Amino acid sequence: VGGTGVASVAVALGSNPNYMTAYNTTLTYLNIQCCQAFKSGATHVGSMLKTNLFLRTLVFNDNNIGAEGATAIAESLKVNECLSNLQLAKNTIGDRGSTALGDALRSNIRLSTLNVALNSIADEGATQLARGMSANSSLSLVDLSQNSFGASGGLYLSVAAKSRPVHTVDRGGGPC
């Protein structure tokens with residue numbers, strides 16, 4: 001599908017204000033994983049999430065969106081009040097992308113599930129996600145499996161999980 005195809009889907013679902021009268025009013029689940037969306041596709045998806053009032057689940061795994069794509073999606077989470085399940089596994093978001101997501105979690109009021117497994121998240125990114133998790137009242141499941149954070153990031157995540165009912169999956173890149 002590629003970034004252009006993902007962009008077309010995002011436009012159809014509400015990312016282009018010129019089409020706002022015809023945007024999605026029924027689709028609640030969207031799976032566009034493994035589509036080589038890259039940063040450009042993620043930017044369009046982020047724009048769509050700012051205006052789409054119906055999408056509840058977005059599966060956007062394995063699209064190589066990087067930190068910039070994750071940041072575009074994170075910005076939309078600051079205003080989106082409908083999305084409850086976001087799957088961003090295997091997207092190479094790293095510490096910069098997870099820091100942006102952690103910041104977005106502070107103001108998001110709806111997201112209950114976040115999957116950021118297999119994203120090369122090290123201590124700094126895990127720490128920022130933990131800060132966002134601590135401030136978020138809706139998040140109940142976070143999958144951080146198979147990332148590269150160590151004891152420092154794990155400590156912040158465990159403190160965040162104990163401060164509220166968040167379930168974290170922490171395999172830290174080691175064996176299951």
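Student: Is Cys34 buried or exposed in this structure?
Tutor: First, a heads-up: this is a predicted model, where local features need pLDDT of at least 70, side-chain atom pairs count only at pLDDT 80 or more, and totals for chains, interfaces and linings use all residues. Residues are numbered from 1 along each chain as its sequence is written, and side-chain values use heavy atoms, with hydrogens and water left out. Buried means under 20% relative accessible area, exposed over 50%, and partly exposed in between (1.4 Å probe, protein chains only). Cys34 has a relative accessible area of 52%, so Cys34 is exposed.

Student: Where is Cys34 found?
Tutor: Look at the backbone there: Cys34 has a positive phi of about 55 degrees although it is not a glycine. Most residues other than glycine have a negative phi. Helices (H or I, at least four residues) and strands (E, at least two) are DSSP runs, numbered from the N terminus. With those names, Cys34 sits in the loop between β1 (29-31) and α2.

Student: And what is the relative accessibility of Asp62?
Tutor: Asp62 also isn't a glycine, and it has a positive phi of about 55 degrees. You'll find Asp62 in the loop between β2 (57-59) and α3. Asp62 counts as partly exposed because its relative accessibility is 30%.

Student: What pattern does the protein follow along the sequence?
Tutor: Start with the count: there are 6 helices and 6 strands. Reading along the sequence gives you α-β-α-β-α-β-α-β-α-β-α-β.

Student: How are α2 and α3 arranged relative to each other?
Tutor: Axes are lines fitted to C-alpha atoms, for helices over the stretch in contact, and angles run from 0 to 180 degrees between N-to-C directions. The axes of α2 (residues 38-51) and α3 (residues 66-77) come within 8 Å and cross at roughly 0 degrees. Angles under 35 degrees count as roughly parallel, over 145 as roughly antiparallel, 65 to 115 as roughly perpendicular and the rest as oblique. So α2 and α3 are roughly parallel.

Student: How many nonpolar, polar and charged residues make the contact of α5 with α6?
Tutor: Helix α5 (residues 123-135) and α6 pack at about 10 degrees with axes 8 Å apart. Contact means heavy atoms within 4.5 Å, and the residues that meet include Ala126 and Ala130 in α5 and Tyr156 and Leu157 in α6. For classes, Ala, Val, Leu, Ile, Met, Phe, Trp, Tyr, Cys and Pro count as nonpolar, Asp, Glu, Lys and Arg as charged, and the others, Gly among them, as polar. That contact splits into 7 nonpolar, 5 polar and 2 charged residues.

Student: Which residue has its backbone nitrogen 3.0 Å from a polar atom of the side chain of Asn147?
Tutor: Asn147 sits in the loop between β5 (141-143) and α6 (151-163), and it is buried, with a relative accessible area of 3%. Its side chain reaches the backbone nitrogen of Ser120 at 3.1 Å. The backbone nitrogen at 3.0 Å belongs to Ile121.

Student: Which side chain makes a polar contact with the side chain of Asn85?
Tutor: Asn85 lies in strand β3 (residues 85-87). A polar contact is a pair of N or O atoms within 3.5 Å; within protein, one must be able to donate a hydrogen and the other to accept it, and residues adjacent in sequence count only if both atoms are side-chain atoms. At 2.6 Å, the partner of Asn85 is Gln87.
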